[in-house]
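Colleague: Could you walk me through the aromatic contacts here?
Modeller: Gladly, here is the model.

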Amino acid sequence: MLISCVAYQNGEKLADIEPKQIHEYLARPDCFVWVALFEPDAGTLELMQAEFDLHPLAVEDARHGHQRPKIEEYGDCLFVVLHMVEPAAGELRVGEVDVFVGRNYILSVRSGVEKGFRDVRARCEHEPQLLRRGPGYVLYALMDAVVDRYFPILQTVEADLERIEEGLFAETSPRQNIEALYALKQRLMVFRHAVGPLLEALGNLSGARVPAVCSGMREYFRDISDHLQRLNQTIESIRDTVSTAISVNLSMITLQESETMKRLAAYAALIAVPTLIVGVYGMNFDYMPELRWRHGYALCWGLMVAIDGYIFYRLRKARWL
Amino acid sequence: MLISCVAYQNGEKLADIEPKQIHEYLARPDCFVWVALFEPDAGTLELMQAEFDLHPLAVEDARHGHQRPKIEEYGDCLFVVLHMVEPAAGELRVGEVDVFVGRNYILSVRSGVEKGFRDVRARCEHEPQLLRRGPGYVLYALMDAVVDRYFPILQTVEADLERIEEGLFAETSPRQNIEALYALKQRLMVFRHAVGPLLEALGNLSGARVPAVCSGMREYFRDISDHLQRLNQTIESIRDTVSTAISVNLSMITLQESETMKRLAAYAALIAVPTLIVGVYGMNFDYMPELRWRHGYALCWGLMVAIDGYIFYRLRKARWL
Amino acid sequence: MLISCVAYQNGEKLADIEPKQIHEYLARPDCFVWVALFEPDAGTLELMQAEFDLHPLAVEDARHGHQRPKIEEYGDCLFVVLHMVEPAAGELRVGEVDVFVGRNYILSVRSGVEKGFRDVRARCEHEPQLLRRGPGYVLYALMDAVVDRYFPILQTVEADLERIEEGLFAETSPRQNIEALYALKQRLMVFRHAVGPLLEALGNLSGARVPAVCSGMREYFRDISDHLQRLNQTIESIRDTVSTAISVNLSMITLQESETMKRLAAYAALIAVPTLIVGVYGMNFDYMPELRWRHGYALCWGLMVAIDGYIFYRLRKARWL
Amino acid sequence: MLISCVAYQNGEKLADIEPKQIHEYLARPDCFVWVALFEPDAGTLELMQAEFDLHPLAVEDARHGHQRPKIEEYGDCLFVVLHMVEPAAGELRVGEVDVFVGRNYILSVRSGVEKGFRDVRARCEHEPQLLRRGPGYVLYALMDAVVDRYFPILQTVEADLERIEEGLFAETSPRQNIEALYALKQRLMVFRHAVGPLLEALGNLSGARVPAVCSGMREYFRDISDHLQRLNQTIESIRDTVSTAISVNLSMITLQESETMKRLAAYAALIAVPTLIVGVYGMNFDYMPELRWRHGYALCWGLMVAIDGYIFYRLRKARWL
Amino acid sequence: MLISCVAYQNGEKLADIEPKQIHEYLARPDCFVWVALFEPDAGTLELMQAEFDLHPLAVEDARHGHQRPKIEEYGDCLFVVLHMVEPAAGELRVGEVDVFVGRNYILSVRSGVEKGFRDVRARCEHEPQLLRRGPGYVLYALMDAVVDRYFPILQTVEADLERIEEGLFAETSPRQNIEALYALKQRLMVFRHAVGPLLEALGNLSGARVPAVCSGMREYFRDISDHLQRLNQTIESIRDTVSTAISVNLSMITLQESETMKRLAAYAALIAVPTLIVGVYGMNFDYMPELRWRHGYALCWGLMVAIDGYIFYRLRKARWL
């Protein structure tokens, strides 16, 4: 689906154009074309490949989707793959945006997520002095938008972790804790796959030789790289904490088992000792003087209560009860 | 076993030729020879070594098999070892294909797996404009085919993992879970050994100095490298998940043990308390007024039922039952 | 909030100046301006950006805060972010100081922590021969102060760990131990985020090409780097020890459970055996000679005491009691 | 002990010579001397040092032994340390061979293992066209022999691991399993210490600058490096599997404990319930109608059998029995 | 405290000199001064700083102590920090020696340990041909002595580990084992902090550019590096083994718990079954024929013994007893 196809000159919007006119505008000096597609059909992609003269391997990647985040050079053209993450019904939905950037064009192909880049285009069009820098700046704006959208979603993951941590040392729900930790680790993996490869690719980008498209934009791409490193650090911290929390959870389960066992044993003692005593006075010896006593029975009760009271006192002191 | 031995010129098939004629065709300009062998005997390998003038160390590797995936240069000749993976009776069968590539020849030696490269040859012959690029392109096509065949098999591993995960928090079968996780980790190792070293070797290949055979094919080999990186990322994710799942499984076992113990203790309490009571009234004291009561026995039953009812209510509230 | 704004010449304080005069002083040769801000409002930051001609991306970072420690070059200007750590009510409060350093100015923007850099300014002003080196030396002095303040706080973490270790093999409080270890690991993460990225950034700084501002100061920055490496080593040691302590704690819990079980079983045996004996003499067989003996009852008691004594002796010898 | 001392010319054996004659032969062009020692005394080593003009630090290393595998250059002389591994009474015996290689000599000093290099010398003497390459080729042949001897021994370790794995999920012998895994990990360490440092040293060797002795032999040393990488991969796989197996073993132990507990509890229930019933009818109430029934006793037995039958049926269905 | 202050010329001791004369001797050609201090006061250090013209940052490090091992260049002067390890009352005492080396002087500042470098000086003075090489050789001799003293102490750690391993699979003392393993890991950390940073620093030293003081001594410093790598390998092996031993210990504890539980259950069964039987014959049914039998009581005993015998036989066969 074609979202928009616009030609720009000197940082100003020139016109909404037809896809078939693209090559005409590419021929004009100081003019660049910015096309946004959403889950395009094969025909549209082929048209774009022809108009922009894109490398077949890159187009094939965009058609199939499910790529890792990456930044590849095909001659003068830069092919960038970004993951987009959207919360959806308690889970995380992962989409993809594939960006082709050349000297005088930028083409974004989005799929799998709802939120587009309308706001990015609006912001760019309001800052003509920056948009004048051309497709390299638009690439920066797109990447910046994608990366900045990671932050609030990762913060919900952090918040979930804090909620789990609060329950970790409470005795309430070890089962829920461990299920939640496991699920959280899976959700975190989505971010690792989005952030890690991109950070690596950007590291290569801002290295010695910078592609022509991005020349003079070093500080901007370093800024994205810096955001990714902050995300990465947060991800690693969460990961580390989750691992520790899982093993702490096991310790807590074992500890509770141990404490439960003690409490059970305490109650067992409170029952077993009187059981022995009543057994004694259930014996049938001919000569058992206590049985003949007037208050034997009452004394027996007294004995049982006294012993249990003592046991109870001792166990309470030892914190078994 | 000789599968096929064909000479190509300008991207077109020239003729099926005899192995002994190979050196004649190698002498012609613009002509290259593509030979495919399957588990060849010593004689065939020696003939090939003579016809193509292969390095003895590389031929020895091909004869013995069981190599790691690798890409080695012997002068102008490139020696490539790839692992092939085939599902076989619930397990994974690992085969090997050793490829010798020179300026005007390519020789593949397959062993251990059934599926060959008939489809690769067919596709190449249908694209003469690409086949014209010579043995370097054929090498790419072979490697691409081998790597692409990993994907569906790794997906079955992923599917198995998801099935295990579903049972992880159910109380049904911890023993099966852990056996399945262990087996899955072993199966994963097959992929790590196939993918990891090849990715590393390709990294060296696409580095500074590119072997003559692959010149002008950089984007193609980078594409394979990219596929391998996706595989690698999937493998690492599964590995990480399996490790977590194993420790979660231990937590679940301990947790279930703990819960079982509580349930057992609950039932024990339901039996032990009445046992104490009946013991009391089994005592032989001369003076035990309850024993003389008309409804003593019935009251005793009532007492036992009441106490057990109360205990049951308390334990149910505490979720021990 | 403006803390101070001072111009220096030849290592001597020239005058407290108004922010709006800054550009005048920057124009003088051999003169540099040192401004300190605390949680400035937007207007102040904009004024500074205008006076010092700071890069918008760096100013944006300073405005938003919550950056990772880093050292970035924007043309001739160095932008440095440092974390500051302050103990606050048993927890650690993390603040930030962002430093802009140019050829003839240094601007520090502190936020989140109370303690400022009054002492650093005082020390610098007492050493004119060093202050004469200009903003590069002031940057060193600020970084040195920030890093040196980490040491005593990290030492309290170490002391806490030692306290926990002492309780690790005592049977008293496994629950507190594990809670304390978990909390300590979280506190340690604050330091890792403060120290790790800064160490990495300094490594790049003292590498091949040194920014103009820091030229001739290599030994000084290497000294900070060395302090950071000591901190880093301590952090890694604590981390490693905490991990080991957590798993040792689990072992201790399991071990105590095991020992508790043995003690319980021992007591159970001391009760169960006499219970069986009294059961025997509670049987109603017509012919049970012991029941008729004159001292049957006494002998029965003797038997029970003797058996329990023997069991007690055996269990004590086996260290179950 | 001197094993042999031979001079070679043009790949042919010239003569067995006396150690004291060595310097004479070294003076001849196209001639090289190959000396093999086994646990030599101090005098022999000193003689060799004098004849070959060896560096004192290297000779000291050879005298003391217990070095890590390494490849060091002392001027024109290469000093190579290799570990040799021999199975000995269920354990692994580690020996060492120290090789000094110069332009026209090679000296090997073996210690700690029985098997020497007679076969290597024989093979070299049968291939004069290779032996003509001089000491560099002999070094390759020695290293190749040492490395190839690792394979069968490592395979026995792999076989042992497979045997343990088979018993891992059987309930028979968790104690033997864990002892065997621990012992296996220790045995593996021997290989890690033999293979890892050597692989690293070879990586440096085949890097940019190749020592004069090995010039023109790059493919051969790369071949050894490849063998070492295969060994290394196997070692890492086993290591990883052993770690997983140890934690799986812990899970299996806990699981069996849990299952044992259930079975015990089942039996306990089968005894406790009838015990309660017989207690009921041991009570001494005056009015207990069942006690007067003609078939009271038989009914009581019937009740107990019925209840136990029902409990048994339920527990069997729940797989506790 | 000044230990000694000696001037050397051409490898021969010239004279014991006064600290205040140092600068005179430094002025002489071919002469160098070797000063050894032990925990010097501030005045002595200041004197040294003045006489040798040492960098203030390095002197400050030496004054404060507690540095990481490192090798730093301050202009022509090399500043080396080494850790010294001494066994002291079952623990390890860590001291430090800081060495300043220049073109014609070497100054060592030792603190925290008792053993000095008298033997090093003696050995150097006995080898004038080596001592002639100047301060670089003395530095080597000092470092070599420090590193060589690590070996016997680390061997006692290894011996301790072996002693623990022997007890690991015995059932005697899991508590002592785990305490010992924990303590051993702490002791190991001392070595890691001594060896790791020094190895890294030496790696930089023997890299591309060698400080003037050490020129021509490459083989010697590589030899130290090699010793450190051996130590490092041993440390890593012990670390790895300790980690495995800790988790094996947990398995053993769990396993023993499991086995104890089985034995307890076995004894419980031996008591519970007769208890049920005696309960049966304690019932008060009017019609219980066994009670009237002449040998009822004896038969009852026989029954109990027979059943317990059978249970005992079965449990012994199942290895529960």
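What follows is a short exchange about rings and charges.

Modeller: This is a predicted model, in which local features need pLDDT of at least 70 and side-chain atom pairs count only at pLDDT 80 or more, while totals for chains, interfaces and linings use all residues. Residues are numbered from 1 along each chain as its sequence is written, chains are lettered from A and ligands numbered from 1 in the order in which they are written, and side-chain values use heavy atoms, with hydrogens and water left out.

Colleague: Why is the pair of A:Phe285 and C:Tyr297 tilted?
Modeller: Rings of Phe, Tyr and Trp (its six-membered ring) pair if their centres lie within 6.5 Å; planes under 30 degrees apart count as stacked, over 60 as edge-to-face and the rest as tilted. Here the centres are 6.2 Å apart and the planes stand at 50 degrees, so the pair is tilted.

Colleague: Is A:Phe285 buried or exposed?
Modeller: Buried means under 20% relative accessible area, exposed over 50%, partly exposed in between (1.4 Å probe, protein chains only). A:Phe285 has 4% relative accessibility, so this residue counts as buried.

Colleague: Which residue has its charged end over the ring of D:Tyr287?
Modeller: A charge sits over a ring if NZ of Lys or CZ of Arg is within 6 Å of the ring centre and within 35 degrees of the ring normal. For D:Tyr287, the charged end lies 3.8 Å from the ring centre and belongs to B:Arg294.

Colleague: How many aromatic pairs does the structure hold?
Modeller: One aromatic cluster is formed by A:Tyr137, A:Tyr140, A:Tyr220 and A:Phe221. Over all chains, the number of aromatic pairs is 65.
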